[in-house]
Amino acid sequence: MWADIVYVALLSVCVFIGFNYRKIDDPYVKKWSGTILGLVLSLIVSGTQILHLLISTAINAIIITKLSPKKCHVVSIVFSFFYLIIIFRLADYFGLQEASTHTNLILMILTLKLSGLAFELNSASNAPPDDPEGVNSDALKDVGFMEVFHYAFSYMGVMTGPYYRYRTYWDHLHRPFAKYTEPWPQTLHKLKQVACFIVLFLIMSNLYPTKYVLTEEFAERSFLYRHFYMYPTFATFRLRMYIGMVFAECACHMAGLGTYPTESKPIKGLGPRDYKTIETLSKTPEKLKELEYDTDTVLNMDIWRLETCQSVRTAMKVWNGCVQYWMGVYVYKRFPLKSLRTMVTFILSAVWHGWEPGYLICMCQIPCFMLTDDLVMKYYNHSPKDSIAQKLWYMFGWYEKTTCMAYLGVSFLLLDYYDIMHYYKSVYFSGQILSLLMYVFVLCCKPYFLARTTESKDKNK
């Protein structure tokens, strides 16, 4: 608990330091200020284990600056994940100090950022002639050894994310947009949410501790109690995630990172889809006062959408959204064998979280629920707008999504294989049985429901 209090306090520092940080005009002074603060924060939470962070960053900096852009991304991602999951997480097997939780979080983000920078350079070397997304922007023209370090250790998101591209980092130093926005109202609104989340988390964590599912008292409860216990348990975990993620987003907002004109169409992780507009507006500062801005680039957790959506796929995209962007763009879309893309993405996501079996058990069961999810969304989209049928499919999809997250979330929290099996046996594998029953049900509806909606649409024509 004390470690969590210190961690939240440091995240608060990251938020409020932005009042002064965003006022720095000189990019050189600004980047060094952000890097020094990031190194200090890393040292506080990591101690001597900061050496792991420095070694990983230094070797990646050599790979990125010395190897050809045509192959540096492959070498970087292999090395980064090898260092994270073998050298760092199995350090005690090599006679080194056991990996600490908070250093692990920092190195997880560094793994994505550093290999992501290598992918950015690779994409820049193959940029299309028109290049609407600015893949080969000025940010990537001269990436040196120290630039890699500044990007890696800048205090925004250094402890818990969000993932953001090197170009986004470069833009916050060299583009003028942050000068024309006032981030405090948005930040204050989010901090009020965090205060509520903290209170709810403290209450829920005392009422519904995860480890309770392993006790004899839990086993003596009724089946319905044991089954439904997963919902408040995972709600508690979500609150914990919301606290850290929203704090991280606020730190970025206050620093001016990820702030772009709305007309440039920014999205999570990527930033502006219309980067030509960014380059044009940067040369016309007289127009910037009149523009509308948003911070979607660093929107890591779309809480409202996550809680209300009726699709497992949607929930996956908005849960840790910037990381999902990285997984989608640099793993799923890049993996050469299309038939294995989904499996490889889930496995890499699991080992990125850790070696514990619970991560793999959780990730690899998601496709079982996605089979139902795809059909439910078809039925929902084919139903007349605002009809009873559409509302019923929405409720069914929301229940399926919530059950998927809650049931698999327990394995994500317990982590140990035998603990997970103990829990699954105590609820008679009800989650797997439910996923099968829901799939059979929606599959049986297919010839009737889709046929009727197609006929009704033909009549309307």
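Among contacts in the chain (heavy atoms within 4.5 Å) with a separation of 6 or more, 76% join residues 24 or more positions apart. This is a predicted model, where local features need pLDDT of at least 70, side-chain atom pairs count only at pLDDT 80 or more, and totals for chains, interfaces and linings use all residues. Numbering runs from 1 along each chain as its sequence is written, and side-chain values use heavy atoms, with hydrogens and water left out.

**Overall build**
- You'll find 21 helices and four strands in the chain; these are DSSP runs numbered from the N terminus, with helices being H or I of at least four residues and strands E of at least two.
- The C-alpha trace spans about 65 × 60 × 45 Å along its principal axes.

**Inside and outside**
- Of the 461 residues, 54% are buried, that is, under 20% relative accessible area with a 1.4 Å probe and protein chains only.

**A nonpolar surface patch**
- Y28, V29, W32, I36, V40, I44, I62, F145 and M146 form a nonpolar patch with about 820 Å² of accessible area together.
- Patch members have over 30% relative accessible area and no salt bridge, and nonpolar side chains are joined within 5 Å; a salt bridge puts a side-chain nitrogen of Lys or Arg within 4 Å of a carboxyl oxygen of Asp or Glu.
- Helix α3 (27–46) gives the most, with six residues.
- Y28 lies in helix α3 and counts as exposed because its relative accessibility is 55%, the cut-off being over 50%.

Key: Patches are made of residues with over 30% relative accessible area and no salt bridge: like charges are joined within 9 Å, nonpolar side chains (Val, Leu, Ile, Met, Phe, Trp, Tyr) within 5 Å. Accessible areas come from the Shrake-Rupley method with a 1.4 Å probe; for residues, only the protein chains shown count as cover.
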